[in-house]
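Trainee: I have the sequence and the coordinates open, and I would like to learn how to read the features of such a model one at a time. Could we go through them together?

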Amino acid sequence: MSALLQIGDRAISVDEILPLLKQYGMLPQLLREIVIDNATASITLSEEEVTEAYKQFYQQQQLGDEEQLQDWLKSRGLGREQLDYLVTRTLRLEKFKQDTWGAKVEPYFLQRKEKLDKVIYSLIRVNDIAVAQELYFRVQEDEQPFAELAREYSKGPEAQTGGLIGPVELGVPHPVLAKMLLKSQPGQALPPTRLGDWILIVRLEQFIPAQLDAATHKRLLNEQFETWLQGEISSAIKNSNLSVGENDSKTD
């Protein structure tokens, strides 16, 4: 069979492409792009949208005239039809996301809000219950600042910041710790609590409710899209018998 690609002394045939995509871990990426193409095929753009997309493309690639554009296309082995596809693809994808999940972002936000809320908290972790109880007593009685105790006694990296952590989303800490913080009041130090190998003394400093602003809207839109996309890719691999982990048999 004639070579599809010639790279140095190596000729790569059509039959080798799929095994190579698997070998280099690129099959999921190929399927991702195909699924996106299929999903966005029916998305139409106005003339103004296409013009703006080209304007942004020229700026991003730092292209000033037709000659530079032709050089750019030649260096990538692309034609004008493929250029139209590349220039408008991102915009068509964003419109597909908005059309499909835009109306679902707000209820999804409410579903995810508890883990999107942020907290700033102070933490001391030790591995001796007696030490933990003594430190908690000092905090409660204001005998010594929390930050000072954290620097002196805490065994984790938070010791370097006087125990202060955050702001972080409540989905980041261990679920047990997140639940403790969620039920706390600012300035309230919680009694020593065992978590794994550690005994924790925690004090909530500030609670920052999540807001459905533009950045959060985009993030949640992308989360829903990625969940759908991974499902489509997994289904394609399963239905096509394209196991990315199996070894391909070699033929002479």
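Predicted model: local features only at pLDDT ≥ 70, side-chain atom pairs only at ≥ 80, totals over all residues.

Trainee: How many bridges do S5 and S6 share, and in which sense do they pair?

Mentor: As a general idea, strands of a sheet pair through backbone hydrogen bonds, either parallel or antiparallel. Here S5 and S6 pair in the antiparallel sense over three bridges. The hairpin that these two strands form has two residues between the strands, and Gly196 in this hairpin takes a positive phi near 65 degrees.

Trainee: In what order do the strands of the sheet lie?

Mentor: The sheet is open and consists of four strands in the order S4-S3-S6-S5, with antiparallel pairing. Its edges are strand S4 (164-169) and strand S5 (193-195), each of which pairs on one side only. On average, and with direction ignored, neighbouring strands of this sheet are turned by 45 degrees against each other.

Trainee: Which residues stand opposite each other elsewhere in the sheet?

Mentor: S3 and S6 pair in the antiparallel sense over nine bridges, and Ile124 stands opposite Ile201 in S6. Strand S3 (residues 118-126) also pairs with S4, again in the antiparallel sense, over four bridges, and there the bridge partner of Tyr121 is Ile165 in S4.

Trainee: Which peptide bond is cis?

Mentor: The bond from Gly166 to Pro167 is cis, with omega near 5 degrees, and Pro167 lies in strand S4. Another backbone value to note is the phi of Gln62, which is near 55 degrees, a positive value in a residue other than glycine; Gln62 lies in the loop between H3 and H4.

Trainee: Which strands do helices H7 and H9 lie across?

Mentor: Helix H7 (residues 129-140) lies across S3 and strand S6 (198-208), and runs at about 35 degrees to S6. Helix H9 (residues 175-182) lies across S3, S5 and S6, and its angle to S6 is about 50 degrees.

Trainee: How should I read the packing of H4 and H5, and at what angle do they pack?

Mentor: Two packed helices are described by the angle between their axes and the distance between the axes. Helix H4 (residues 66-76) and helix H5 (residues 80-101) pack at an angle of about 90 degrees, with their axes 11 Å apart, and H4 and H5 are therefore roughly perpendicular to each other. On the H4 side the contact is made by Glu66, Leu69, Gln70, Trp72 and Leu73, and on the H5 side by Arg80, Leu83 and Leu86. Sorted by class, the contact of H4 with H5 has five nonpolar, one polar and two charged residues.

Trainee: What volume does the second largest pocket have, and which residues line this pocket?

Mentor: In general, rolling a probe the size of a water molecule over the atoms shows where empty space is left. The second largest pocket has a volume of about 270 Å³, and its lining includes Phe57, Trp72, Leu86 and Thr90. The elements that give two or more residues to this lining are helix H3 (47-61) and H5, and H3 gives the most, with six residues. By class, the lining of the second largest pocket has six nonpolar, four polar and one charged residues.

Key. Residues numbered from 1 in each chain as written. Heavy atoms only, no water. Axes fitted to C-alpha atoms, helices over the stretch in contact; angles between N-to-C directions. Parallel < 35°, antiparallel > 145°, perpendicular 65-115°, else oblique. Contact = heavy atoms within 4.5 Å. Nonpolar A, V, L, I, M, F, W, Y, C, P; charged D, E, K, R; others polar. 1 Å grid on protein atoms, 1.4 Å probe; cavity = no way out; pocket = protein on both sides within 12 Å on 5 of 7 lines; lining within 4 Å. Points joined across faces, edges and corners; volume = space filled by probe spheres on them. Pairing = 2+ DSSP bridges.
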